[in-house]
Amino acid sequence: MIEVERLSKQFVVRRGRFRRERVVVDAVNEISFRVERGELLGYLGPNGAGKSTTIKMLTGILVPSGGRVSVAGLDPSKRRIELAKRIGAMFGQRIQLWWDLPLIDSFELLRHIYKVPADRYRQSLARFREVLDLDSFLHTPVRQLSLGQRIRGELTASMLHEPELLFLDEPTIGLDVVAKQRVRDFLIEINRERGVTVLLTTHDLGDIERLCKRLLVIDHGSLIWDGGIDELKERYGAERMLIVDLEQPVPPLQIEGAVVEKVDGPRQWLRFRGPAADLTARVASSARLVDLQIAEPDIEEIVRRIYSVPGT
Amino acid sequence: MVEPVLVWRRLVGAQIRSQFQYRVSFVLDMLGNFLISFIDFLAVLVLFHNTTRLGVWSVREVAFLYAMSSISFALTDLLVGHFDQFPQKIRDGTFDILLVRPRSTLFQVIGSDFQMRRLGKAIQGALVLGYVISSLAIPWDVGRVAMLVVMVPSAIVIFASVWTVGSCLAFWTTDGGEFTNAFTYGGNFLAQYPIDIFSTWLRRFLAYIVPLAFVCYFPALYILDKPDPLGLPRLLQFSSPLVALLGVGVGGLAWRFAVRHYRSAGG
């Protein structure tokens, strides 16, 4: 579905107030990867790592400075219009709906822009109304929608022409837990039921864990990880945090295989590797346990660890 | 060929509907547009308060140029007048959205900013034109009527081409709004006056480089049956439609070249 070979993008930035100096910045630096049809793939990286720039080259928005891209068998920047019919895109921060019009009017306009046959359009829309629960605000002007409602509208808008491939740039940013879950359910549904290939960029490791099997991590324009999420965690995210609430405050626990990171009254944070079950049993035998939870590392943490482990 | 026009009508229809959502604002905008362009016309009258002729041109003849230029400008602004908001699209990166849709970007930009209030200026121009035509003794015949009919669409296309080229600069400057205005509002101003009152270099510039002389000046010479004070070939008076076609070509090429240099915005 997607083939990327030594893809690069450089921007010329001018710095300085009076004597402006030209600085070439490598936003994306010779990255290569392949995505098969039907994959649901996460694209991660800290701010400014080159995620959006990559997506923009894949969708034909930006012309690459070097390397080769093929999306659905097409060169995006040369055959943009043909490609646009076959892909959907949603950029969390850029509104594609018509601000002053009711949501349904935007869908109608998009139907004509994409030349979607009337019966296909009716079918798709009926489906999305159900899955994304759009009915209560379908006739509300977009400017009056809440963020969560708007994102559901945007998702529908990017799927109405039944694309084979969907690009999502930060689809869950700013959403509450319920709204996030709804978006994730929707993505799983279109991926499984319709076989849509999905590539999403995100900051949210929760998105990745619930959605993606495979994961690309980019930092400073270079790809630093391409593989399964479990392997990544095994290798770099092996250390997790066990947070225990004890019946009463005690001095830091002395438990084999764990290090106490922090103590706050009856609550203690223990850093550990390996399975949590054994550790939990050991904690329970040395103190009276009321409650516990396990925290996974976040993306910034994992990126830091990838760098700190030598030989990769 | 028909299909894009239908889509354009839907895009425009949607905007008219959203403009009617703010009814008071719409009426005031339209009135404001009418009044501003009326004051614009007063400037021409003030000029003639101190002189009876501008070179070989009488006040009514200049008013004819003014009216034709105003009508063409206002209709261009109405039909393809996206250039007020376009640099903003480049700056905040919303141009991205147009690029992931299966339509030409120029078509989408043109369809994205249809402001009914701009009719205000066209109405004012039409009133001036009505007065001028009734008070000037124009030797009307088939050729002159045909010229009057062809003149406005040609002028619209010429204006639109010049604006498109001007807007392309936004792809590099990111905020070229004011510079582009030199082409739009500046162009309207230059097209309002007979070019023989300008200095030689500006005249050449308007006739051969940014072809605003073909908006009104050359066709008006024919309609008003005036000998060209510059003694230029008579063929030029009939060339506006051709210049318009040429403008479409140049504008389209410039646009294509510019879009490939689009840098988007972060985030």
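**Exercise 1. How far apart do the C-alpha centres of domain 1 and domain 2 of chain A lie?**

Solution. The structure is a predicted model, in which local features need pLDDT of at least 70, side-chain atom pairs count only at pLDDT 80 or more, and totals for chains, interfaces and linings use all residues. Residues are numbered from 1 along each chain as its sequence is written, while chains are lettered from A and ligands numbered from 1 in the order in which they are written.

Step 1. Chain A is divided into domain 1 (2-234) and domain 2 (238-295), with bounds that come from an automatic or database domain assignment.

Step 2. The C-alpha centres of these two domains of chain A are 40 Å apart.

**Exercise 2. Determine the strand order of the open sheet of 6 strands in chain A, and identify its edges.**

Solution. Step 1. Strands (E, at least two residues) and helices (H or I, at least four) are DSSP runs numbered from the N terminus; two strands pair if DSSP finds at least two bridges between them.

Step 1. The order in chain A is S5-S6-S7-S3-S8-S9, with mixed pairing.

Step 2. S5 and S9 (222-228) of chain A stand at the edges; each has a single partner strand, so one side of each lacks a neighbour in the sheet.

Step 3. From one strand to the next, the twist averages 15°.

Step 4. Within chain A, S3 (residues 40-44) pairs with S7 (residues 197-202) in the parallel sense over 5 bridges, and A:Leu44 has A:Thr202 as its bridge partner in S7(A).

**Exercise 3. Describe how S10 of chain A is paired.**

Step 1. The bridge partner of A:Leu246 in S13(A) is A:Leu289.

**Exercise 4. Characterise the side of chain A that touches chain B.**

Solution. Step 1. With contact defined by C-beta atoms, placed from the backbone, within 7 Å, 25 residues of chain A are in contact with 20 residues of chain B.

Step 1. The elements of chain A that give two or more residues to this side are H1 (51-58), H2 (80-86), S5 (87-91) and H3 (103-113).

Definitions and conventions:
Contact = placed C-beta atoms within 7 Å. Axes fitted to C-alpha atoms, helices over the stretch in contact; angles between N-to-C directions.
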